[in-house]
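Welcome! Please take a moment to look over the sequence and the fold before reading on.

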Amino acid sequence: MKFGFDIDDTLIDLRAHAFDLYNKKLGKNVGIEAFHALQRVEIHEPFGLSDAEGSVMWNSSLEDIYFTDCPIFEGALETLQALQQEGHDIYYITSRPKQYCEKTREWMIAQGFPVTEGHFFCGMQDHEKVATIKSLALDVYVDDKPAVLETLQDVETEVILKNQSYNQHVPLARLYHWHGFLDMINE
Ligand SMILES: [Mg+2]
């Protein structure tokens with residue numbers, strides 16, 4: 001089978017990592033409960049930043065957010081490694097900005113994710129992911145972001161949603177924990 005995965009906040013806990021970095025950079029100590037209560041993808045509000053300030057903060061921090069020690073969701077790495085060992089095709093589809101694509105691919109390999117030549121797609125906009133998902137004819141695709149998931153309503157691919165505080169309204173099969181993924185696709 002062909003499996004496609006978003007990276008940020010699907011396989012790795014990027015926003016929580018960024019939240020931690022924001023606390024350090026801003027000299028604050030905003031609690032993780034504020035993070036878990038967020039109803040949007042953006043994380044700046046608990047730090048008292050406006051949307052414009054938050055955008056500047058995010059974009060100026062990307063190198064640190066992406067390439068330091070962002071934690072992988074428990075079970076995600078082992079799940080993808082198991083899929084590869086079973087002979088499945090694994091694809092990554094991330095809308096990280098183009099200038100970070102090659103370094104992201106290298107970072108994923110360094111973490112131990114199975115990355116096959118030609119299976120790493122990066123640098124598109126959120127709404128452009130659907131074209132890649134269709135052209136690859138993926139059997140399964142996993143993402144967290146409502147703006148992406150809304151574009152996937154008419155694809156034949158089985159779309160699975162990685163559970164997050166900001167996507168509770170999206171009516172799709174919901175992955176709470178990576179340890180449950182193989183059971184989910186075998187149902
Ligand atoms: Mg994502």
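The notes below go through the sheet and then the helices.

## Before you start

This is a predicted model, in which local features need pLDDT of at least 70 and side-chain atom pairs count only at pLDDT 80 or more, while totals for chains, interfaces and linings use all residues. Residues are numbered from 1 along each chain as its sequence is written.

Helices (H or I, at least four residues) and strands (E, at least two) are DSSP runs, numbered from the N terminus.

## The sheet

Let's begin with the strands. Six of them form an open sheet with parallel pairing, in the order E3-E2-E1-E4-E5-E6; two strands pair if DSSP finds at least two bridges between them. E3 and strand E6 (173-175) are the edge strands, each pairing on one side only. From one strand to the next, the twist averages 25°. Such angles run from 0 to 180 degrees between N-to-C directions, and axes are lines fitted to C-alpha atoms, for helices over the stretch in contact.

You can trace the pairing strand by strand. Strand E1 (residues 2-5) runs parallel to strand E2 (residues 89-94), joined by four bridges, and Phe5 has Tyr92 of E2 as its bridge partner. Elsewhere, strand E5 (residues 158-162) and E6 run parallel, with three bridges between them, and Ile160 has Ala173 as its bridge partner in E6.

## Two crossing helices

Now turn to helix H1 (residues 14-26) and helix H3 (residues 51-67), whose axes come within 11 Å and cross at roughly 105°. H1 and H3 are therefore roughly perpendicular to each other, a label for angles of 65 to 115 degrees, with under 35 counted as roughly parallel, over 145 as roughly antiparallel and the rest as oblique. H1 contributes Leu14, His17, Ala18, Leu21, Tyr22 and Lys25 to the contact, and H3 contributes Met57, Ser61, Asp64 and Ile65. Residues are in contact if their C-beta atoms, placed from the backbone, lie within 7 Å.

## A kink in H3

Take a closer look at H3. What is the size of the kink in H3, and where is it centred? The kink is about 60° and is centred on Ser61, the bend at a residue being the angle between axes fitted to the seven residues ending there and the seven starting there. Ser61 is also one of the H3 residues in the contact with H1.

Definitions and conventions. Contact = placed C-beta atoms within 7 Å.
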